[in-house]
Amino acid sequence: MSFLSCLISGISLGSIYAIIALGYTMVYGIAKMLNFAHGDIIMVGAFAAYTIVSTLGMPPILGVIVAVAVCTLLGVTVERIAYKPLRGASSLAVLITAIGVSYLLQNLALLIFSANPQKFQSVVNLPALKLAGGELSVSAVTIITVVTCLVVMFCLTSFINKTKKGQAMLAVSEDRGAATLMGINVNGTIALTFAIGSALAAIAGVLYCSAYDTLTPYIGSMPGIKAFTAAVFGGIGSIPGAFIGGIILGIIEQLAKKYISSQLADAIVFAVLIIVLLVRPSGILGKKTNEKV
Amino acid sequence: MNSVKRKKLIDNLFTYGLVVFCWIAVQALSATGHMTNQINGLLVPICMYVILAVSLNLTVGISGELSLGHAGFMCVGAFSGSFFTKLMAEAIPSLQARFIIALVIGALTAAFFGVIIGIPVLRLRGDYLAIVTLAFGEIIKNVMNVIYVGVDNGMLRIAMEKKANLNLSENGRVIIEGAMGITKTPKASTFTIGIVLVLITLFIVQNLINSRTGRAIMAIRDNRIAAESVGLNITKYKLLAFSVSASLAGMAGVLYSHNLASLAAEKFDYNMSILILVYVVLGGIGNIRGSIISAIVLTLLPELLRGMNNYRMLIYAIVLIIMMIANSAPSAIAARERLLEKFQRKNTKEAA
Amino acid sequence: MKKLIGLSMAAVLAASLTACGGSNTAETTAATTDAAVAQEENEDGTGESAEEAPSGETFKIGMIGPLTGDAATYGLGVRNAVELAIKEVNEAGGMNGYQVEYKPEDDEHDPEKAINAYNALKDWNMQILIGAVTSKPCIAVSAESAADNLFQITPSGSAVECIAEPNVFRVCFSDPDQGKASAQYIAENKLATKIGVIYDSSTEYSTGILESFRPEAEAQGLEIVAEEAFTANNATDFSVQIDNCKEAGAELLFMPFYYTEASTVLKQCADKEFAPIFFGVDGMDGILSVKNFDTSLAEGVMLLTPFSADEAGSQAFVEAYKAAYSDTPNQFAADAYDAVYAVKAAIEQGNITPDMSVSDICEAMKVAMTEITIDGLTGSQMTWTEAGEPNKEPKAAKIENGAYVMQ
């Protein structure tokens, strides 16, 4: 029973990583950049929802909507101001700019909301699900996170495969030059990707803070890096890969804490990641690219 | 061919000259009493960051591998160097001698880690390599956080998780103390030693770049398959660049740990690695002199902004973004070129 | 060519920046009028004579702590409380009749930045240092301040090594003292015999307390049934640690870490219906003031703390703090407030004046600190040993009806 309980907490943690990793991997797939500011957009989303729900006392659903709106706007603005001028520059230059954006968002939040931790009241107020005569309990946040994650993944996959905009995204990610020649508005497509990625970050932020309730200007950096790990784990650029990578990462983390050493859990997670990448150099679901001269 | 070589030599000498000039300038300033404590305290860290930036440039710029675990090597070097200095406190009374041996030990330990991490890691490419180096850096940090090393009766004892596991006898002492790390390493780092280390680093890196080996490394970076097809041993050259870079980072770590009375693993997280990467990218990938300048500027910047109080890190972030865009954006580069062209035309006109 | 332009741009930037720095120093040299005093401070000969000389009219007190970064909540508490206390002191006539100037500097909870902050304060001619707030930066700074023989009092640097230097004193308890006192309190009051521990293995604060808790608990006949760690990298999900403590049959959960994580642990314990006696240390203090925290979760939590925002004696301070910073002060703030009054008492005891050299002030303060007794927020009748350790009794508090009740 304790194994099952551990597994469930792993899935719960993993599904949060997964939903963050989805946004990460999407932006990577299309814009070919590691958006290190993604974690901080999560933080902005959480603060937006917090302001609406806790400070202004509005219903939680409005909080989620405002968070999504704020983050979408923020994502597009950041892309327009900081990343777009660097299109065509080396990917490392964009990476460093993203780090600059990350510092900027953290310090803005520090000035506005202060460094004191604040408690995020969960947007989910449902009782936990009890299984096996009350021995196993699955919190409502967990269930909603997993469901949201699956829904988001389903919507994203069908959006990309079934709509024109989605196909344009695929085309841009495959070959930006060719896509331009085919008359696809590359800049528009990339902006759309940032909009969607940031909206996902907002949802992730609300769910993350609902599950782990503490809110500070720095909460974004740790899940950001974990999500990056999860995305690479699953094969960066692949949407189902991000989901699987996130879940597996969460489960490994919890099992390592339980059965090996709670002190070395971080090291174990990263060690497993290294081993997996050595066996499958492009992640679990990553595409193998053949090099040509 | 000869003129190319000569040009390179002059270029390299110019870089050394720049460093020596900095040293002379600082000496002159402090001799005439124009040095503030603040700048004085920053001299050793600046040397350290210059070494780190130049050494990471070897991996990122010359060898073309994005490494996010540079801080891990620094951590290994810092801990091994400090450990030696503390351990040998009685055996070798001269602090200077201990420090110099510690520098060698730190560099060697980091090089060793560079090799054992490099062998598996360098098979990967691009962002996968980045995440694996990041993972190694985090593993090193995590393990250093829970390791305890003590010494009693001439015996070294190593334990994980808690001090009690060391089973030290009465006269034993703990040197590495888990999350507390190593405290009270004697202060041995000076600006002059720092400058000497910077010169050594430059000497190693620039000679490597301009050697046959360096050309092979850059050939692999530019086109791996082509390089392989002409018979270059990919693994050997990549590993060479990676471990040299690691050992220099280890040396910088020793410089760091002998400058502060408190050394803990938490400092060496991915943020530190990213900070060094920022220096490299801002200075220009593959541009050694650029790395030096950007390391100096970005170390001084947040300190000189101290007067801004709460807005300090905010301004730092904005300046970083603007500098990145101004330096790397294609449109900014084009604008700069146009401006220069106009300028040149004007000059030629005047000359005519 | 491109590179050359890029370089020259960077060089221009560098030059303009250093020029900024340079012009600053030029100003300060221009301001140097009383060179004799400045020279006396520069006995180590590192060429720092470009300092603004102290006017001799006011005391200059510096503060170092994390004002940004994820430890900022501790540093900001200290900064605000020191500011508040100094304002009060100045309004009441200053220290020993002299007004006090005050300057905080940020260290981002990083020993390296702490040294930079220290040097910046030295350029400002700091005479007394309150800080650093967190242990590792404090150790790093203490090595420098000892070399300069500058009096330093840390409100909250709790690691043993923080006050190893003769010129450093502290206001808070040391980590080993807290661990020991906690074990003794639990045993003496027969709270439980089976103890579960959750701790932060990535901080020296948490591991330091636990290192001394373990042997004392054993000596007192307590049994540690589970010892579970977390790190700064995974301080969000504690379900595995909680499960392990629950399964091991822990009757009391010892939590030697800060309230930020503690509030999350308490919530997750409630979700898992695990209700042992929760026992915290001084880092737990402040949990009730976390915004929007459901205080019913903390009902019955016990903690050893020297300060409580709800105590009668601290009301005036809490009100003033709230009015000035619209925030409830935490224990860091209380320690810092006491630090200022300890400095004031020592200055008056030793009849110290601002025109004395830094080193003379330090020598006089070292003697005076052991002679004073103050009634502060964090303890009544506090005295200091020569080693810099405060003598005060840790008080146990229990949270009842959303308020701390002293036991």
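Two strands pair if DSSP finds at least two bridges between them. Helices (H or I, at least four residues) and strands (E, at least two) are themselves DSSP runs, numbered from the N terminus. This is a predicted model, in which local features need pLDDT of at least 70 and side-chain atom pairs count only at pLDDT 80 or more, while totals for chains, interfaces and linings use all residues. Residues are numbered from 1 along each chain as its sequence is written, and chains are lettered from A and ligands numbered from 1 in the order in which they are written.

**A sheet in chain C**

Chain C has an open sheet of three strands in the order β11-β12-β13, with antiparallel pairing. Its edge strands, β11 (374-376) and β13 (390-391) of chain C, each pair on one side only. Strand β12 (residues 379-384) of chain C is joined to β13(C) over two bridges in the antiparallel sense. C:Thr383 has C:Asn391 in β13(C) as its bridge partner. Strands of a sheet pair through backbone hydrogen bonds, either parallel or antiparallel.

**Chains A and C**

Two terms are needed here. A residue is buried if 20 or more other C-beta atoms lie within 10 Å of its own, exposed if 12 or fewer, and partly exposed in between, with C-beta atoms placed from the backbone. Two residues are in contact if their C-beta atoms, placed from the backbone, lie within 7 Å.

The C-alpha atoms of chain A fill a box of roughly 60 × 50 × 35 Å along the principal axes. The radius of gyration is taken over C-alpha atoms, and the globule rule is 2.2 Å times the number of residues to the power 0.38. For 293 residues a compact globule would have a radius of gyration near 19 Å, and chain A agrees with its 19 Å.

**Domains of chain C**

Domain bounds come from an automatic or database domain assignment. For chain C this gives domain 1 (50-173 + 316-391) and domain 2 (176-305). The C-alpha centres of these two domains of chain C lie 30 Å apart. In the contact between them, 10 residues of domain 1 of chain C meet 11 residues of domain 2 of chain C. The domain 1 side divides into four nonpolar, five polar and one charged. Here Ala, Val, Leu, Ile, Met, Phe, Trp, Tyr, Cys and Pro count as nonpolar, Asp, Glu, Lys and Arg as charged, and the others, Gly among them, as polar.

**Contact between chains B and C**

Chain B gives 50 residues to its contact with chain C, and chain C gives 46 residues. Elements of chain B with two or more residues on this side include α1 (2-31), α5 (126-145) and α11 (288-304). The largest share, 10 residues, comes from α11(B). By type, the chain B side has 21 nonpolar, 18 polar and 11 charged residues.

**Backbone exceptions**

Most residues other than glycine have a negative phi, and most peptide bonds are trans. A:Asp213 is not a glycine, yet has a positive phi of about 40°. A:Asp213 sits in the loop between α8 (186-212) and β4 (214-215) of chain A, and is buried, with 23 other C-beta atoms within 10 Å. C:Glu108 also has a positive phi, near 55°. C:Glu108 belongs to the loop between β2 (99-106) and α4 (111-123) of chain C, and is buried, with 22 other C-beta atoms within 10 Å. The peptide bond from C:Gly131 to C:Ala132 is cis, with omega near -10°. C:Ala132 lies in the loop between β3 (128-131) and α5 (135-148) of chain C.
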